[in-house]
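I would like the cut-offs behind each term along the way.

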Amino acid sequence: MEQIELVHVYKSYNGKDNVIHDLSVSIEPGEFFVLVGPSGCGKSTILRMIAGLETITSGTLLIGGIEVNELPPSERNLSMVFQNYALYPHLTVEQNITFGLYKKKISKQEQKKRCLEAAEMLGLTDFLKHKPRQLSGGQRQRVALARAIVTHAPICLMDEPLSNLDAKLRAKMRSEIRQLQRRLGITMIYVTHDQVEAMTMADRMMILHEGRAQQIGAPLDIYNHPSNTFVASFIGSPPMNLAKAKVLESLLLFDNGRAMRLHHHLPPSTQQIIVGVRPEHIRLAKPSDDHFIAKVVNVEVLGTETLVTFELTKNEHWIARWSGQWNIHAGEKVPLTIDETAFLFFHENGQRLDHSIPSYAAGKGEHQ
Amino acid sequence: MNAPLSVKSSPSVPVRRKRAVWTTLEGIVYLLPSLILFSIFLFYPMLKTVYLSFYATDHQGNPVQFVGIENFVYLLKDVNFLQSIKATLLFVCYTVPASVVLALCLALMANEKLKGIGLFRTFFSSTMGMSVAASSVIWMFMYNPSIGVINKVLSLFGISDVQWLLDPKIALISVSISTIWMNIGFTFLILLGGLQNIDPTLYESARIAGVSYWYQLRKVTLPLLSPTLFFVTTVSLIHSFQTFGQIDILTKGGPMDATNVIVYSIYKDAFINYNFGSASAQAVLLFFAILVVTFLQFKFGERKVHYQ
Ligand SMILES: Nc1ncnc2c1ncn2[C@@H]1O[C@H](COP(=O)(O)OP(=O)(O)OP(=O)(O)O)[C@@H](O)[C@H]1O
Ligand SMILES: [Mg+2]
């Protein structure tokens with residue numbers, strides 16, 4: 001278990017354009033840390049810099065408190081699982097698993113023991129003599145995991161290890177990897193572009209966009225308090241509903257004349273803001289509620305929940321998510337209501353306005 | 001209920017057979033252009049050669065008398081032909097391993113990510129762009145005992161008057177050296193292509209494991225390159241057995257038949273001595289020799305090849 005720290009790290013491949021901008025983050029020992037972001041945002045680049053496969057253009061990388069910028073990959077005491085698994089096609093599963101032990105001058109006996117241990121842990125004992133091409137995708141993935149485990153390295157890096165698997169296997173491997181990490185107490189840095197994977201696996205996660213860290217924190221914190229509109233729409237599925245609005249005291253004026261009255265004063269400083277609401281916070285109104293009427297444009301019944309797309313304004317559609325199966329059809333007009341605490345406000349430039357509506361558990365009861 | 005259904009789902013036997021005939025015919029039509037070309041330029045000359053090898057011929061190459069295996073029997077007793085076999089085998093042994101090993105070393109170097117490596121890649125593969133005739137002429141000048149650059153350089157070290165192409169002891173080696181030089185371009189390029197085809201994450205994984213260069217070469221690079229190595233060796237081998245151009249230009253089979261490899265001997269028998277029967281018989285023998293060697297290579301060499 002070792003701490004990994006990046007301090008003002010920049011990376012540029014061509015000497016001109018920075019692919020990573022001023023990244024500072026500290027990853028605690030034993031933590032499951034997830035790097036998440038859309039394709040091309042620089043996740044792999046960061047991972048590869050930590051592994052030592054790419055040079056760091058400027059800034060410092062510390063592992064266990066020691067600067068390791070110039071240390072070759074093999075001396076950083078870490079293991080890595082590649083997206084395509086990087087298994088040697090000509091070696092058997094067993095040889096693949098023990099390949100990394102060569103350098104560590106470990107006796108043949110100990111190698112065999114560790115290999116069997118890892119194989120047992122991952123259910124690979126029957127395949128030790130097979131070649132990788134004789135294995136299924138999930139089994140190959142496990143071989144790659146086993147290869148990382150046998151080194152007993154305190155740090156493990158994984159680059160989208162599940163992206164080649166089907167949805168069901170992915171869900172299974174997700175929990176397997178998580179359990180393994182807990183059991184072995186490894187510090188894990190895990191790259192994914194899948195926000196579900198990030199939400200379900202991470203102790204803490206970092207959201208990246210165009211080489212800049214957008215937010216670092218625990219999944220639920222990020223879900224509930226996204227620091228900008230990018231994070232708000234990236235995390236959560238369906239994403240957070242966002243719309244531009246003008247503020248008039250406690251009135252929210254959307255385009256095309258829709259207005260919502262809140263019982264609190266809104267951020268005073270700006271006129272034009274962006275309003276965000278998570279789909280699960282938009283409810284069907286009871287007769288006593290403050291409500292607004294909206295036209296339904298699409299309904300998706302998913303079994304356990306129903307996604308209702310409605311017109312907020314002429315050209316802005318929001319999605320509401322209700323649990324259960326609802327018999328609503330496109331074209332119907334429905335009364336909707338939104339809990340006031342559920343509103344999030346962002347500056348026009350995307351940054352969240354630090355204006356939480358005062359917790360008003362009491363007030364909630366009052367006007368329902 | 002069942003009976004009509006089953007008839008419907010699978011067509012009756014004659015219908016199926018008719019369809020099979022059609023698809024076969026269609027396939028043959030697609031193949032026809034290349035079949036015709038192959039027949040005219042490959043199969044017909046080949047059969048004709050086999051046919052001629054059983055005949056004594058006149059000076060125009062017309063078969064005169066059927067002699068059975070006489071031509072072959074004569075050849076196998078002929079000292080000149082045995083010398084040709086020896087020269088050919090020596091030539092193959094000199095050129096094939098050396099070209100492949102040298103090209104492999106060059107390819108490994110050129111595959112490193114270094115500044116300006118593209119320039120070296122071009123240099124190393126440039127001999128591929130030169131015709132055998134042109135490079136042979138260049139080498140002929142270089143080997144020239146009085147004006148050649150090689151002897152001039154050697155004379156700086158006190159070695160003088162090496163008769164590169166006239167000394168029967170070293171003529172074959174001289175020809176081999178120039179052949180290796182000519183072969184390297186092609187072999188290098190194919191091997192470099194093979195190296196670049198290897199998944200770079202395998203090397204990254206090895207870097208994280210921290211294995212040494214030699215271990216990596218032995219355990220990762222060579223096994224993964226083995227299909228390419230096998231291909232290159234097979235092609236070089238066949239190519240080497242069939243060498244003609246450089247021999248014709250550099251030594252004309254001399255001195256004292258030292259470089260009279262089989263293909264050159266065939267040429268001499270056919271177009272200088274007008275002995276087409278004997279030439280054809282040699283050609284047939286060479287064909288089978290290459291066939292056997294290639295077969296052996298596939299049988300024993302391919303076992304060590306890891307196809308992915
Ligand atoms: N070797 C390289 N040379 C030049 N540019 C590169 C190189 N590798 C990556 N880049 C650039 O760096 C940026 C980040 O790439 P990176 O591979 O880190 O993205 P990523 O977040 O891992 O994306 P993905 O989810 O698609 O894997 C991209 O714009 C890419 O074009
Ligand atoms: Mg990536």
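What follows goes from domains to sheets, and then to pockets and a cavity.

A word on ground rules before we start. This is a predicted model, in which local features need pLDDT of at least 70 and side-chain atom pairs count only at pLDDT 80 or more, while totals for chains, interfaces and linings use all residues. Residues are numbered from 1 along each chain as its sequence is written, chains are lettered from A and ligands numbered from 1 in the order in which they are written, and side-chain values use heavy atoms, with hydrogens and water left out.

Let us begin with the domains, whose bounds come from an automatic or database domain assignment. Chain A is assigned domain 1 (4–230) and domain 2 (238–367). Taken over C-alpha atoms, the centres of these two domains of chain A are separated by 39 Å. Seven residues of domain 1 of chain A are in contact with ten residues of domain 2 of chain A, where contact means heavy atoms within 4.5 Å. In chain B, the assignment gives domain 1 (13–52) and domain 2 (78–304), with C-alpha centres 36 Å apart. Here the contact takes four residues from domain 1 of chain B and five residues from domain 2 of chain B.

Strands of a sheet pair through backbone hydrogen bonds, either parallel or antiparallel. Strands (E, at least two residues) and helices (H or I, at least four) are DSSP runs, numbered from the N terminus, and two strands pair if DSSP finds at least two bridges between them. One open sheet of chain A has six strands in the order β6-β7-β8-β3-β9-β10, with mixed pairing. Its edge strands are β6 and β10 (212–217) of chain A, each of which pairs on one side only. Ignoring direction, neighbouring strands of this sheet are turned by 15° against each other on average; axes are lines fitted to C-alpha atoms, for helices over the stretch in contact, and angles run from 0 to 180 degrees between N-to-C directions. α4(A) packs on the sheet and touches β6 and β7 of chain A, its direction making about 175° with that of β6(A). Within the sheet, β7 (residues 155–159) and β8 (residues 187–192) of chain A run parallel and are joined by five bridges. Met158(A) has Tyr190(A) as its bridge partner in β8(A).

Another open sheet of chain A has five strands in the order β13-β12-β11-β14-β20, and its pairing is antiparallel. At its edges stand β13 (259–261) and β20 (344–347) of chain A, each with a single partner strand, so one side of each has no neighbour in the sheet. On average, neighbouring strands of this sheet are turned by 40° against each other, direction ignored. Six bridges pair β11 (residues 241–248) with β14 (residues 272–277) of chain A in the antiparallel sense, and Ala245(A) stands opposite Ile273(A) in β14(A).

On a 1 Å grid over the protein atoms alone, a cavity is a set of points where a 1.4 Å probe fits but cannot get out, a pocket is an open set with protein on both sides within 12 Å along at least five of seven lines, and lining residues have an atom within 4 Å of a point. Grid points are joined across faces, edges and corners, and a volume is the space filled by probe spheres set on the points.

The largest pocket holds about 930 Å³ of space. Of its 29 lining residues, Asn111(B), Glu112(B), Lys113(B), Tyr203(B) and Arg207(B) lie nearest its centre. Elements giving two or more residues to this lining are α8 (171–196), α9 (200–209) and α10 (213–241) of chain B.

The second largest pocket holds about 760 Å³, and among its 27 lining residues Met46(B), Thr49(B), Ala283(B), Val284(B) and Phe287(B) are the closest to its centre. Both domain 1 (13–52) and domain 2 (78–304) of chain B give residues to its lining, so this pocket lies between them. α13(B) gives the most to the lining, with eleven residues.

Finally, one cavity of 30 Å³ or more is found in the whole structure. The largest cavity has a volume of about 160 Å³, and Met80(A), Arg147(A), Thr151(A), Ser205(B) and Ile208(B) lie nearest its centre among 14 lining residues.
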